[in-house]
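Q: I would like to learn how to read a model like this one, feature by feature. Could you take me through it?

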Amino acid sequence: MLETVFGVSIDTILGTIGILAAIVSIIVEVLKKIIPNSFPTKALVIIVSFVITLAFIFIFCEINIKIIALGAVGSFVLSFISMYGWDTFKEIIRKFKYPL
């Protein structure tokens, strides 16, 4: 059951998000040791997710406005997964896919 989004399989998208979430988590943990404790960790995760996602897009994708806008939205998904984990993300997707 491989559905495609923008010509890429869902498995590839989820794998890429997983790798990027691991990279964001590692960078945030390193930055938490450098940056003072007064800076909120969730804001740091959002900033790092945005930068990592846009860097990934500029390196690996064809650059146009639509892809950059999708990357900006995708960075919030990435930051959510980095903060709360896959289980919470799956619960939210399940709620929207199969509403009560």
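Q: Let us begin with burial: what share of the 100 residues in the protein chain is buried?
A: Happy to start there. This is a predicted model, and in it 20% of the 100 residues in the protein chain are buried. The C-alpha trace spans about 45 × 40 × 20 Å along its principal axes.

Q: Which elements does the protein chain contain, and in what order do they run from the N terminus?
A: There are 4 helices and 2 strands. Read from the N terminus, the order is β-β-α-α-α-α.

Q: Now to helix packing. At what angle do the axes of helix H1 and helix H3 cross?
A: Helix H1 (residues 10-34) and helix H3 (residues 65-84) cross at roughly 65 degrees, and their axes come within 9 Å. The crossing of H1 with H3 is right-handed. On the H1 side the contact is made by Ile17, Leu20, Ala21, Val24 and Ser25; H3 contributes Leu78, Ile81 and Ser82.

Q: Which classes of residue make up the contact of H1 with H3?
A: That contact has 6 nonpolar and 2 polar residues, and no charged ones.

Q: What about charged side chains: how many salt bridges are counted?
A: In general, side chains of opposite charge can pair when their charged atoms come close. The count here is 1 salt bridge, in which the side chains of Lys32 and Glu29 meet at 3.4 Å, N to O. Lys32 and Glu29 are 3 residues apart in helix H1, so about one helical turn separates them. Lys32 is partly exposed, with a relative accessible area of 33%, and Glu29 is partly exposed too, at 43%.

Q: Finally, what percentage of contacts between residues at least 6 apart in sequence join residues at least 24 apart?
A: For the protein chain that figure is 54%.

Definitions and conventions. Residues are numbered from 1 along each chain as its sequence is written. This is a predicted model: local features need pLDDT of at least 70, side-chain atom pairs count only at pLDDT 80 or more; totals for chains, interfaces and linings use all residues. Side-chain values use heavy atoms; hydrogens and water are left out. Axes are lines fitted to C-alpha atoms, for helices over the stretch in contact, and angles run from 0 to 180 degrees between N-to-C directions. A crossing is left-handed if the near helix is turned anticlockwise from the far one by less than a right angle, and right-handed if clockwise. Contact means heavy atoms within 4.5 Å. Ala, Val, Leu, Ile, Met, Phe, Trp, Tyr, Cys and Pro count as nonpolar, Asp, Glu, Lys and Arg as charged, and the others, Gly among them, as polar. A salt bridge is a side-chain nitrogen of Lys or Arg within 4 Å of a carboxyl oxygen of Asp or Glu. Buried means under 20% relative accessible area, exposed over 50%, partly exposed in between (1.4 Å probe, protein chains only).
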